[in-house]
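This report describes how selected parts of a protein chain are arranged. Please examine the sequence and the structure shown below before reading on.

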Amino acid sequence: MKHLSYQTLKESGYDGYVLEDAPERVLQFGEGNFLRAFVDYFIDMMNEHAGFNSKVVLVQPIAPIPGGFDLAKVINDQEGLYTLYLRGFENGEKVNAKRVISCVSRCLNSYTDYDALMACADNPELRFITCNTTEAGIVYDPSCQFTETPPSSYPAKLTQFLYRRFQKFGTEAGKGFIILSCELIDNNGKELEQCVLKYARQWGLEEAFVTWIEKENIFCSTLVDRIVTGYPRAEADSINEANGYIDQTLDTGEIFGFWVIEGPQELKKELPFAEAGLPVLITDDHKPYKQRKVRILNGAHTSMVLGAYLAGQDIVRDCMQDDVICGFMNKAIYDEIIPTLTLPKDELESFAHSVTERFKNPFIDHALLAISLNSTSKWKARVMPSFLGYVEKNQALPKCLTASFAFYIAFYHGTRLEDGGLVGQRDGNEYTIKDDQSILEFYYAHKDDDNASLAHAVMSNTDFWGQDLTQVPGFEAAVVQYLDEIQEKGTYAVMQELL
């Protein structure tokens, strides 16, 4: 079989949308599965349905690994083309949607193609920069120097690129960029802007450049929401056989997608998401939507999975087929989490419904043990704000979220500390609890405590929670009672009684 290319598509009789030629108007730092299944999918849809007419230059922000898989070369060999499958449940129906993405023009490596990357700044049609350099990508490293080609940190690379742009076009209006940051940190766009400004000043670049950064560029904080499962290794051969071509950059993700962009409403004129019918919201404040995702989607995971695992389940999808476990999760969401949030109730309930559909995805085997990683910090960030909000609003304990804390303690009851983690037992079989070493050592030190002593030690540990949770009226006694019931009857029976 031939490899994927525009000519191969023509020969195979592919009748979907493709855009072979268009100006390069988007520079994207990050060439991985997520951006290609999310941002580039949206751009491709805008090209087809809203006349966006733009190509994307992908940039590998890290140096290639000698002898390793060279994704940039493969992308270029395939002329930027790749096949994307979005799969899952939508409106109760099973969906497996194929699309050949044709918005990518080429891929550059910021180390081996440094000059070519910087030359992109001279392109007068370039208008947008997108990025996802992981949570560790947006960091200010004062050791980075202006003379390096390139410096190690992404914000330093971006500062160099912006300075090249400023040198080429000066203060000409409209030649700055709309920068869409997709990293999973709070206020990602603003954090990126602050790093860039620090480098401009550290490097002694002229004040006119600093002014240009602030006046001619829009750094947008964004919230991204789509599970991307990436290259379907187990299915790749059969998929290629069915397509009639070899695609080494196949990508897969869930059908659900939602992008919240914090920025001025004028962005709608330049980014025609609405005209393309895409689930993208441009707003002056993305925080309520981030809170919705963290508290409902992530909070549902964290409050349900540890109890479900102890009840004998292994993957999320199977939990959704169990009326008791799914019922417990939904009761926590609709009765205890949603009432603490600020967005309109119908929006919150619609999002909650989509969460249940996403968790049922037949194409994703989402392991409960994988989700259990670092559950201490996850409970604090994802569940505790809803728990405390409910207590403050109702002067009463939310029963499901209270039980979820007991599930957490029960799950963390290990009997042996090893290099890989703390070893616990479920029905006579061992499982590994993974968290920060200090947390695992704490639980190991308390492995012989009775339920009351263990609950008190955990809840009063201010290093874990930032406060003493024994001070929440009735919380400690309720957790001890749930732990006693778990010990006697199991987590499944506790969930059942709460319904």
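## Basis of the description

Two residues are in contact when they have heavy atoms within 4.5 Å of each other. Helices (H or I, at least four residues) and strands (E, at least two) are DSSP runs, numbered from the N terminus.

The model is predicted: local features need pLDDT of at least 70, side-chain atom pairs count only at pLDDT 80 or more, and totals for chains, interfaces and linings use all residues. Residues are numbered from 1 along each chain as its sequence is written, and side-chain values use heavy atoms, with hydrogens and water left out.

## Helix α13 and its two partners

Helix α13 (residues 323-337) packs against helix α14 (residues 345-359) at an angle of about 155°, with the axes 11 Å apart. Axes here are lines fitted to C-alpha atoms, for helices over the stretch in contact, and angles run from 0 to 180 degrees between N-to-C directions. The angle therefore makes α13 roughly antiparallel to α14; angles under 35 degrees count as roughly parallel, over 145 as roughly antiparallel, 65 to 115 as roughly perpendicular and the rest as oblique. In this contact, Cys-326, Met-329, Asn-330, Ile-333 and Tyr-334 of α13 meet Glu-349, Ala-352, His-353, Thr-356 and Phe-359 of α14. These residues comprise 6 nonpolar, 3 polar and 1 charged, where Ala, Val, Leu, Ile, Met, Phe, Trp, Tyr, Cys and Pro count as nonpolar, Asp, Glu, Lys and Arg as charged, and the others, Gly among them, as polar. The crossing of α13 and α14 is right-handed; a crossing is left-handed if the near helix is turned anticlockwise from the far one by less than a right angle, and right-handed if clockwise.

Helix α13 also packs against α11, at an angle of about 140° and with the axes 10 Å apart. These two helices are therefore oblique to each other, and their crossing is right-handed. From α11, the contact involves Arg-295, Ile-296, Ala-300, Ser-303, Met-304 and Ala-308, and from α13, Ile-325, Phe-328, Met-329, Ile-333 and Ile-337. By class, there are 9 nonpolar residues, 1 polar and 1 charged in the contact of α11 with α13.

## Helices α16 and α17

How do the axes of helix α16 (residues 375-394) and helix α17 (residues 399-411) cross? They come within 11 Å and cross at roughly 170°, so α16 and α17 are roughly antiparallel to each other. Their crossing is left-handed. Ser-375, Thr-376, Trp-379, Val-383, Ser-386 and Phe-387 of α16 meet Leu-401, Thr-402, Ser-404, Phe-405 and Tyr-408 of α17. This contact contains 6 nonpolar, 5 polar and no charged residues.

## The largest pocket

Rolling a probe the size of a water molecule over the atoms shows where empty space is left. A pocket is found on a 1 Å grid over the protein atoms alone, with a 1.4 Å probe, as an open set of points with protein on both sides within 12 Å along at least five of seven lines; lining residues have an atom within 4 Å of a point.

The largest pocket has a volume of about 1000 Å³, a volume being the space filled by probe spheres set on the points, which are joined across faces, edges and corners. Its lining has 36 residues, and Leu-184, Val-224, Lys-293, Asn-298 and Arg-382 lie nearest the centre. Elements that give two or more residues to this lining include α11 (287-310) and α16. The largest share, 9 residues, comes from α11. The lining divides into 12 nonpolar, 12 polar and 12 charged residues.

## Two features in loops

The peptide bond from Thr-149 to Pro-150 is cis, with omega near 5°. Pro-150 lies in the loop between β6 (128-131) and α6 (154-169).

Asn-53, a residue other than glycine, has a positive phi near 50°. Asn-53 lies in the loop between α3 (39-50) and β2 (55-60).
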